[in-house]
Amino acid sequence: MVLMHWPPAPILVPPVRVDEVDLTDEGFLEFSSTAYRRAESLDDAPEWVGLRTVPEELYLRELVDLDLEDSRAIAEFTLRYGRLGVYDWADLPVERRRWPAELRAVDALLKRHLRPGETLVDRRFSHVEEVAVHARVVRDATRLWTAYREGRDLSGVVADWESILAPPTVADDLRHEVQRHKVSPEESLARAVGDFFPLLFDAALRPYHVRVEARSQAAQAIPFGFPQGNLFSALCLQLRNHMAENAKYRRCRNTTCGRLFVNKRSSRGAQPAAFKRRKGVEFCSDACMWAQNKRDRRNELKRSAQDRSGRNGSPSKGEGDDQEA
Ligand SMILES: [Zn+2]
């Protein structure tokens with residue numbers, strides 16, 4: 001199986017719309033008029049009202065950290081980075097007549113909340129469950145791809161599967177072959193990748209089609225024809241870009257972090273591509289590098305103190321050793 005990418009090169013992820021969010025007791029996210037705030041760390045934010053640049057590797061970082069059981073955390077995430085999911089579930093590769101029960105339940109929840117005259121298309125609200133459905137799809141897609149890149153097999157991916165999409169399985173016609181050892185576990189994972197991503201991206205990346213945009217110099221408005229992709233599409237595009245460039249995933253060496261990442265995120269904000277170092281990068285961020293270096297130094301001191309006390313023949317190290325170090 002070989003994945004062909006079109007276009008072959010990574011594509012700039014367009015900024016996404018970010019609105020003010022109010023969380024109701026029932027878990028609805030009510031969007032009010034677009035409030036554009038220039039965020040501290042996003043100094044390259046676009047000048048158009050209401051759009052915000054998506055931080056690099058958001059799909060590997062903040063989305064993975066997000067607690068999907070915590071409505072408040074979901075509301076804060078939405079306020080900071082934008083809305084996950086569009087009106088009609090059109091960004092998910094599921095046929096309406098095959099919707100799983102969980103999707104039908106969330107859809108019914110949204111429909112009940114519509115005000116008179118409001119439609120699912122123009123509604124100005126979402127629900128934390130709608131966000132969670134989309135977040136789980138991105139997480140599953142990420143796990144499937146990184147397992148494939150790291151040469152793991154399908155069973156681990158299926159065990160961790162959390163989204164409403166059907167987990168990849170060894171197709172019936174293939175299962176027989178696998179049992180007879182004609183198809184390796186790696187090959188079955190490769191076929192799962194080949195089954196899953198064309199369908200997912202066909203739905204999720206639909207907003208990023210070939211287009212023209214009409215931009216007025218004077219108006220601080222979103223250009224006419226600008227892709228209406230929301231954060232879900234943007235996160236899928238981040239993943240697709242890493243797939244297209246066959247990016248190598250690393251695991252952060254900070255023992256309390258251990259996350260997967262591609263490029264280190266600098267405390268100075270996003271780095272121009274030319275400055276990105278990929279070789280020898282061990283940490284996902286400066287903060288992780290500092291934390292682990294501190295830990296390594298402490299352990300080093302402890303070890304040398306123990307070595308010294310070992311040489312002196314005393315069973316435990318004295319206070320004096322620590323102060324000397
Ligand atoms: Zn880290």
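Trainee: How many bridges join strand β3 (residues 28–32) to β5, and do these strands run parallel or antiparallel?

Mentor: Strand β3 (residues 28–32) is joined to β5 by 3 bridges, and the two strands run antiparallel. Before we continue, please note that this is a predicted model, in which local features need pLDDT of at least 70 and side-chain atom pairs count only at pLDDT 80 or more, while totals for chains, interfaces and linings use all residues. Residues are numbered from 1 along each chain as its sequence is written.

Helices (H or I, at least four residues) and strands (E, at least two) are DSSP runs, numbered from the N terminus. Two strands are said to pair if DSSP finds at least two bridges between them. In general, strands of a sheet pair through backbone hydrogen bonds, either parallel or antiparallel.

Together, 3 strands make an open sheet in the order β2-β3-β5, with antiparallel pairing. β2 (20–23) and β5 (125–127) stand at its edges with a single partner strand each, so one side of each has no neighbour in the sheet. Neighbouring strands are turned by 30 degrees against each other on average, direction ignored. For such angles, axes are lines fitted to C-alpha atoms, for helices over the stretch in contact, and angles run from 0 to 180 degrees between N-to-C directions.

Two helices meet this sheet. Helix α2 (residues 71–81) packs on it and touches β2 and β3, its direction making about 170 degrees with that of β2; residues are in contact if their C-beta atoms, placed from the backbone, lie within 7 Å. Helix α4 lies across β3 and β5, at about 65 degrees to β5.

α4 has 22 residues and reaches 31 Å from its first C-alpha to its last, close to the 32 Å expected at 1.5 Å a residue; the expected span is 1.5 Å times one less than the number of residues. Of its 22 residues, 19 are buried, so α4 is largely enclosed by the rest of the structure. A residue is buried if 20 or more other C-beta atoms, placed from the backbone, lie within 10 Å of its own, exposed if 12 or fewer, and partly exposed in between.

α4 (residues 128–149) also packs with helix α3 (residues 101–112) at an angle of about 145 degrees, with axes 9 Å apart. The contact is made by L103, V106, L109 and L110 of α3 and E129, E130 and V133 of α4. By class, this contact has 5 nonpolar, no polar and 2 charged residues; Ala, Val, Leu, Ile, Met, Phe, Trp, Tyr, Cys and Pro count as nonpolar, Asp, Glu, Lys and Arg as charged, and the others, Gly among them, as polar.

The axes of α4 and helix α7 (residues 185–204) come within 10 Å and cross at roughly 140 degrees. Residues in this contact include W145 and Y148 of α4 and F196 of α7. Its classes are 11 nonpolar, no polar and no charged residues. Just after α4, G151 takes a positive phi of about 70 degrees.
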